[in-house]
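Here is my note on the model you asked me to look over. Please read the numbered points with the structure open beside you.

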Amino acid sequence: MSQKKAITVIPATINRFTSASINDVRKRRTAGYARVSTDHEEQQTSYEAQVDYYTNYIKSREDWEFTSVYTDEGISATSTAKRDGFNKMVADALDGKIDLIVTKSVSRFARNTVDSLTTIRKLKEHGTEVYFEKENIWTFDGKGELLITIMSSLAQEESRSISENCTWGQRKRFADGKVCVPYSRFLGYDRADEGGLIINEKEATIIRLIYTMFLEGATPHTIAKHLTAEGILTPGGKSIWSQTTVKAILSNEKYKGDALLQKSYTVDFLTKKKKINEGEIPQYYVENAHEAIIEPVVFEMVQQEMDRRKKGKSRHSGVGMFASRIKCGECGSWYGSKVWHSTSKYRRTIYQCNHKFKGEQKCSTPHLAEETIKGLFISAVNKLLVDKDEIIANFNLVKNELFNTDGLETERSELQNEMAVTAELIQKCIEENARTALDQKEYQERYEGLVARFDTTKARLDEVSELVSDKKARGKLVQAFIDELNVQDGLVTEFDERLWFTLVDYATVYGEDDIRFTFKNGTEVIA
């Protein structure tokens, strides 16, 4: 006969979460966590109120021992990566310095469900509980994790909704042509009260210097070295300039008063990862968006000069105003500067073909002294001025035919509409295939036909857009040439750098007695 089982309950003596004795009367070391997601002035009161509230609340509890209130100000909750106060609190908890964390709500803790649950589980493993006051959730409670999962998901969706609303508002402002700069420092401009840009004259001087040095022949590397040596700070407030920064300034359309909006966009609202906009979303180009630091004509001259240096057969020397503006008639290379007798009183700078002594075939084109080039330029300009009235009259006759972009812009608008329609048809085709059982061969043919249509349209749109930009830029440069020609009263008697940059496209050296200047309107004159 079997004996009756005797069962004795041995009660728990240690808290399974904190490893402390059940009858331990030690106060729980408690910290508060406060955060506001913006640094707007109206949020400052909320931030200070939270800190004050949790300090007094924790100290008022007999069973809690106040440790600290950890804070983050002006930080988003979509990720915990950049929240220094939050990360310091978690680190202290994992080091055994905190038993309980008190915070306002799940959304204050984190709007990212994964971050929220991961952090709570990590704290739980190390004996630290979190109390969410608004939802009355204790993480050591059996229902805690389920409730937190639900609330965190809701908070994450709220964050997604806020992000989408902000994105919509930003894109609506872009579509309305309202310019905003997404960084606190923009060299040459200050933010206006209404959100636009106003010129900072002190910094604008630096921008004008960069453009002037470039047109005088300096490379971005040389300009960067000069700015660093002069102790001028970069747009980011650093002491050392890079050629990349200089190039960015030279190609930024905002300095001529225009603005290309939505150059980049946020890929993921949780990670805040940004990507350069390569056509994924619309862009908006606003002309005359704000006051220009650089005249549009000067800006176009710089863009043209940048293109010319890229296309040159030899590397741009970056020394002097004549660098990469004088071409060898034999090999097509640019002339570069050389210093003769550098350590004596006979020192002088000459220009010669950069490929003169390279390869088996030596160029026979002559070298030219600076003074010779200046004299030849004066001679060529004066020959041009003889026909000044005829050149201006001819330009006025043909300028609309040569530089009018109305037809191209109409075609561009039609192509943009065609691309939008085709993109929508492609999307509908994909969605229909996902919903309905279609013949896959027919679907593939239809899909590939639409994609081919889209690609053809895009290729033509790119071509037309480039033609519009080129015509407009060329028109501005030639108009500046005509304006300069128009104000010239009498013959030129001395070399003028401004005339050199405004009038001359390049010079070509064929021989000592055959040096031709090609002006910006296409006229070629033998000096």
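1. A search of the whole structure finds 21 salt bridges, a salt bridge being a side-chain nitrogen of Lys or Arg within 4 Å of a carboxyl oxygen of Asp or Glu. Side chains of opposite charge can pair when their charged atoms come close. Please keep in mind that this is a predicted model, in which local features need pLDDT of at least 70 and side-chain atom pairs count only at pLDDT 80 or more, while totals for chains, interfaces and linings use all residues. Residues are numbered from 1 along each chain as its sequence is written, and side-chain values use heavy atoms, with hydrogens and water left out.

2. Glu 411 forms a salt bridge with Arg 460, and their closest N and O atoms are 2.8 Å apart. This pair links distant parts of the chain, since Glu 411 sits in helix H12 (residues 406-435) and Arg 460 in helix H13, 49 residues apart; helices (H or I, at least four residues) and strands (E, at least two) are DSSP runs, numbered from the N terminus. Glu 411 is partly exposed at 24% relative accessibility, and Arg 460 is partly exposed as well, at 27%, where buried means under 20% relative accessible area, exposed over 50% and partly exposed in between (1.4 Å probe, protein chains only).

3. Arg 460 also meets the side chain of Glu 463 in a salt bridge, at 3.0 Å from N to O. Because Arg 460 and Glu 463 are 3 residues apart in helix H13, about one helical turn separates them. Glu 463 has a relative accessible area of 42% and is therefore partly exposed.

4. Which residues are linked with Asp 92 in a network of salt bridges? The network consists of Lys 88, Asp 92 and Lys 97, and within it the closest N and O atoms of Lys 97 and Asp 92 are 3.9 Å apart. Lys 97 is partly exposed at 45% relative accessibility, whereas Asp 92 is buried, with a relative accessible area of 7%.

5. Helix H13 (residues 440-487) also holds Glu 448, which belongs to a negative surface patch together with Asp 439, Glu 442 and Glu 445. Patches are made of residues with over 30% relative accessible area and no salt bridge, like charges being joined within 9 Å and nonpolar side chains (Val, Leu, Ile, Met, Phe, Trp, Tyr) within 5 Å. Lys and Arg count as positive and Asp and Glu as negative, while His and the chain ends are not counted. At 46% relative accessibility, Glu 448 is partly exposed.

6. Leu 397, Val 398 and Leu 402 make a nonpolar surface patch of about 290 Å². Leu 397 lies in helix H11 (residues 388-403) and is exposed, with a relative accessible area of 68%.

7. Glu 371 is found in helix H10 (residues 370-386) and is exposed, at a relative accessible area of 60%. Although Glu 371 and Phe 495 are 124 residues apart along the chain, their C-alpha atoms are separated by 9.3 Å.

8. For the protein overall, the secondary structure comes to 14 helices and 18 strands, and 40% of the 527 residues count as buried. Among contacts (heavy atoms within 4.5 Å) between residues at least 6 apart in sequence, 60% join residues at least 24 apart.

Notes: Accessible areas come from the Shrake-Rupley method with a 1.4 Å probe; for residues, only the protein chains shown count as cover. The place of a charge is taken as NZ of Lys, CZ of Arg, CG of Asp or CD of Glu.
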